[in-house]
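This report describes one protein model for a reader who is new to structural analysis. Please keep the sequence and the structure in view while reading.

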Amino acid sequence: MVTSGSSGTVSSLSDDVRTFKVLLVGWIVGGAFVVLCGAGGSPAVPLAAGQRPAARPVGDRPHVSQSHVSQPDVELLVPVLGIRPEQLRDNFDEHRGNGTRTHGAIDILASRGTPVIASVDGTIRKLFTSRAGGLTIYQFDVAENRVYYYAHLDRYADGLREGIFVPQGTVIGYVGTTGNAPPGTPHLHFAIEDLPPTKEWWKGTPVNPYPMLTTRALARP
Ligand SMILES: [Zn+2]
């Protein structure tokens, strides 16, 4: 408010009072909001040292802040529980199918039944069984820039279905040897592909997960 002269003093005093009222209302509303949020949400329990943040129930979608939304350069989680980035081997360029093609993925060795976890936040786009991949999952990231492919699963996590959102770290399946994996070598075949504009989940262009998992992977105990 623009005022002048002595009335200006009165006006600015009344402005001060108004400002104080606005602040007071703000404090009350803000305080009530904090109380409501505290009562409504599940309590945030700090993780003990060595405790894993994974294994959320499937479909349990928490509030995800903007900074955690998946982007092309998002930090990945190694998709097998208990496997550290330094244990991975880069076999993206290895020849497969008697040299007729390159692998285009990395294989992560683990015991049969080890939980497979979502490497990023995203949506389960397709549950598919193929001769080569066996039991597989195609997950889109939030921005639908990339598809994350998990293959040779022993089984899916209970409740997993197409269309649901799974936060990073959610158990989505278990390591196995379905498809063409050697029966004595359970492993997760993990691929990341850039999606075409049509978003067809089977038509992606492979990108190597290894550098992303070893240089930008989240440090989890
Ligand atoms: Zn493989």
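Strand β3 has a covered face, formed by Ile-106 and Ile-108, and an uncovered face, formed by Asp-107 and Leu-109. Strands here, like helices, are DSSP runs numbered from the N terminus, with at least two residues (E) for a strand and at least four (H or I) for a helix. This is a predicted model, in which local features need pLDDT of at least 70 and side-chain atom pairs count only at pLDDT 80 or more, while totals for chains, interfaces and linings use all residues. Residues are numbered from 1 along each chain as its sequence is written.

Strand β3 pairs with β10 in the antiparallel sense over four bridges; two strands pair if DSSP finds at least two bridges between them. Leu-109 has His-187 as its bridge partner in β10.

## Overall organisation

The protein has two helices and 11 strands. Read from the N terminus, the order of its elements is α-β-β-β-β-β-β-β-β-β-β-β-α.

Of the 221 residues, 29% count as buried. A residue is buried if 20 or more other C-beta atoms lie within 10 Å of its own, exposed if 12 or fewer do, and partly exposed in between, with the C-beta atoms placed from the backbone. Among contacts with a separation of 6 or more, 67% join residues 24 or more positions apart. Two residues are in contact if their C-beta atoms, placed from the backbone, lie within 7 Å.

## Confidence of the prediction

The mean pLDDT of the protein is 77, and 64% of its residues reach 70 or more. This value is the predictor's confidence in each residue, from 0 to 100.

Over residues 1-17, pLDDT stays under 50, and the model has four contacts beyond four places in sequence for them. Over residues 22-26, pLDDT also stays under 50, and the model has zero contacts of that kind.

## The largest nonpolar core

A nonpolar core is a set of buried Ala, Val, Leu, Ile, Met, Phe, Trp, Tyr and Cys residues joined through C-beta atoms within 7 Å. The largest one holds 37 residues, of which Val-116, Tyr-149, Tyr-150, Ile-172, Leu-188 and Phe-190 touch the most other members. Two or more residues of this core come from each of β3 (106-109), β4 (115-117), β6 (134-141), β7 (146-156), β9 (171-175) and β10 (187-194). Strand β7 gives the largest share, seven residues.

Which residues does Ile-172 contact, leaving aside its neighbours within four places in sequence? They are Val-116, Ile-117, Ala-118, Ile-137, Tyr-150, Ala-157, Leu-160 and Val-166.

Strand β9 pairs with β4 in the antiparallel sense over three bridges. In this region, Ile-117 has Val-171 of β9 as its bridge partner. Strand β9 also pairs with β7, in the antiparallel sense and over three bridges. Leu-153 stands opposite Val-175 in β9.

## A buried loop residue

Leu-88 lies in the loop between α1 (5-40) and β1 (95-96). Is Leu-88 buried or exposed? Leu-88 counts as buried because it has 20 C-beta neighbours inside 10 Å.

Not counting residues up to four places away in sequence, Leu-88 touches Ile-106, Ile-108, Tyr-210, Leu-213 and Thr-214. Leu-88 and Leu-213 are 125 residues apart in sequence, yet their C-alpha atoms are 8.5 Å apart in space.

## Positive phi angles and a loop proline

Most residues other than glycine have a negative phi. Glu-144, although not a glycine, has a positive phi of about 55°. Glu-144 is in the loop between β6 and β7 and is partly exposed, with 13 other C-beta atoms within 10 Å. His-152 is likewise not a glycine, and its phi is positive, at about 65°. His-152 belongs to strand β7 and is buried, with 26 other C-beta atoms within 10 Å.

Pro-196 is in the loop between β10 and β11 (205-207). Pro-196 is exposed, because 11 other C-beta atoms lie within 10 Å. Pro-196 and Glu-144 are 52 residues apart in sequence, and the distance between them in space is 9.7 Å, C-alpha to C-alpha.
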